[in-house]
Amino acid sequence: MSIEFEFSEEQQALRESIRSFLTKEVVPIVAEMDATEEFPAATVGRMQEEGYFGVPVPEAYGGLGLGKVAYCILLEELGRVDASHATIVGAHTSLGTTPLLYFGTEEQKQRWLLPAAKGEKLLAFSLTEPGSGSDSGSLTTRAERAGDRFILHGSKLYVTNGREADTVVVLALTDPAQGPNGGVSAFLLDKGTPGFSVGRCEKKMGLHGTSTAELILDGVELGPEHLLGELGKGFSIAMTALDVGRVSLGAASLGALEAATEGALAFAKERTQFGRPIVEYEAIQFKLADMAIHAQALRYLVYNSAARQDRMGVDPTRWSRVDRAAKTREAAVVKCLASEWASEGIDEALQIHGGIGYIRGSPIERAYRDARIAQIFEGTNEIQRLVIARDLIARGL
Ligand SMILES: Cc1cc2nc3c(=O)[nH]c(=O)nc-3n(C[C@H](O)[C@H](O)[C@H](O)COP(=O)(O)OP(=O)(O)OC[C@H]3O[C@@H](n4cnc5c(N)ncnc54)[C@H](O)[C@@H]3O)c2cc1C
């Protein structure tokens, strides 16, 4: 087991250039985006031009070819600035490009992955349904065979990027008798396909720049070239993508915690009560110390997991059982701790701000609303604990 980790000079330079890009281009629009609840099309477009929608994808398929560590640097920096932008990139990259890169045919990579990684097309991922959330294997959307084609019927819920995406990776039942293992398949569904429409978009407490859409599939006919990976292997494809997503989500939560800590520290140095800056009171110092402890621990956890995913590579047929299990457990640990410590730290940062932290429009107020979802999506933290416990029982500590 390796726990040593250092960023290369290239990775540090990438962080600096992302930070200066985001400071210049994204920071100025975030408060307005949050207030208007509109998808930030202009900044997403600029990020696509910069290559930020294909960071871990190999250059041969239109990406920057920088791997998962660099991708987590991007997500950490995005998390510092705005959770909506982080979520838009994460849904596209972790959940959209991963299934294509790991399981797609060469033709599918050329047709769907290349433009997605180049930033010309936006992706989404759709597993959840009205009746199946945590129990995602109990989905009911059907993909019935009609010769070598498939006819899809059903409805999907809570799809991030669902309203804007050019293509959605959709999970559907191809063999109900077999259930999730063997009976679920993944499909590439393009906007504009007859029978496919976007339904309701949810109003949310946070992530105001993202769409969270219902998708309606009413007799959508897809040819065999739209089947992603092997027939019946969709559930494991989805879980593999979610392992990537959970680590990058951890990176975004880490960034949010860091920004909250820095913001609270700066405020505590400025704000004077009882004749002294409040940073001089131990009650405040201990809150800041706990935030720093968690941020430091998360940095190791996130980047160690991302480095493992880089070492394992993008060909699942080459992974050992032990590597697979370790990767999945690690991703669950990162997701749980990062989402909980970020919410906790942001709550304390808001407390340090006192009343002004509760006033609409302050960065800490937005961060507080945005952070909460990380304990719920990409598998709730209860489900992550089940994943961890099952592996603990099977393989020990
Ligand atoms: C803003 C947002 C964006 C999203 N984006 C996407 C997306 O892009 N694609 C997509 O497919 N989905 C997406 N989702 C869906 C998300 O992944 C689900 O909401 C989540 O997995 C939980 O499912 P659920 O909401 O049905 O809750 P439920 O599964 O109904 O859970 C309710 C509660 O019961 C608990 N629970 C359930 N089963 C157990 C158990 N066995 N043991 C202990 N506790 C249990 C849960 O942890 C939770 O606390 C998104 C959701 C939101 C809100």
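On a 1 Å grid over the protein atoms alone, a cavity is a set of points where a 1.4 Å probe fits but cannot get out, and its lining residues have an atom within 4 Å of a point. Grid points are joined across faces, edges and corners, and a volume is the space filled by probe spheres set on the points.

The model is predicted, and local features need pLDDT of at least 70, side-chain atom pairs count only at pLDDT 80 or more, while totals for chains, interfaces and linings use all residues. Residues are numbered from 1 along each chain as its sequence is written, and side-chain values use heavy atoms, with hydrogens and water left out.

**Exercise 1. Determine how many cavities of 30 Å³ or more there are, and characterise the largest cavity.**

Step 1. The count comes to two cavities of 30 Å³ or more.

Step 2. The largest cavity holds about 60 Å³ of space. Its lining consists of Pro56, Val57, Lys68, Tyr71, Thr93, Ser94, Thr97, Thr98, Leu101, Tyr102 and Val244.

Step 3. Assign the lining to elements, where helices (H or I, at least four residues) and strands (E, at least two) are DSSP runs numbered from the N terminus. Helices α4 (67-81) and α5 (83-103) each supply at least two lining residues of the largest cavity, and α5 gives the largest share, six residues.

Step 4. Classify the residues: Ala, Val, Leu, Ile, Met, Phe, Trp, Tyr, Cys and Pro count as nonpolar, Asp, Glu, Lys and Arg as charged, and the others, Gly among them, as polar. The lining of the largest cavity then divides into six nonpolar, four polar and one charged.

**Exercise 2. Describe the surroundings of the ligand and its polar contacts.**

Step 1. Taking residues with a heavy atom within 4 Å as near, 18 residues surround the ligand, and the closest are Thr128, Ser134, Tyr158, Thr380 and Glu382. This shell has eight nonpolar, seven polar and three charged residues.

Step 2. For polar contacts, search for pairs of N or O atoms within 3.5 Å. A ligand nitrogen is 2.9 Å from a polar backbone atom of phenylalanine 125, and a ligand oxygen is 2.8 Å from a polar backbone atom of leucine 127. A nitrogen atom of the ligand also lies 2.8 Å from an N or O atom in the side chain of threonine 160.

Step 3. The protein covers 64% of the 980 Å² of accessible area (Shrake-Rupley method, 1.4 Å probe) that the ligand has on its own.

Step 4. The elements giving two or more residues to the shell are β1 (123-126), β3 and α12 (381-395). Strand β3 contributes the largest share, three residues.

Methods. 1 Å grid on protein atoms, 1.4 Å probe; cavity = no way out; pocket = protein on both sides within 12 Å on 5 of 7 lines; lining within 4 Å. Polar contact = N/O pair within 3.5 Å; in protein donor to acceptor, adjacent residues only side chain to side chain.
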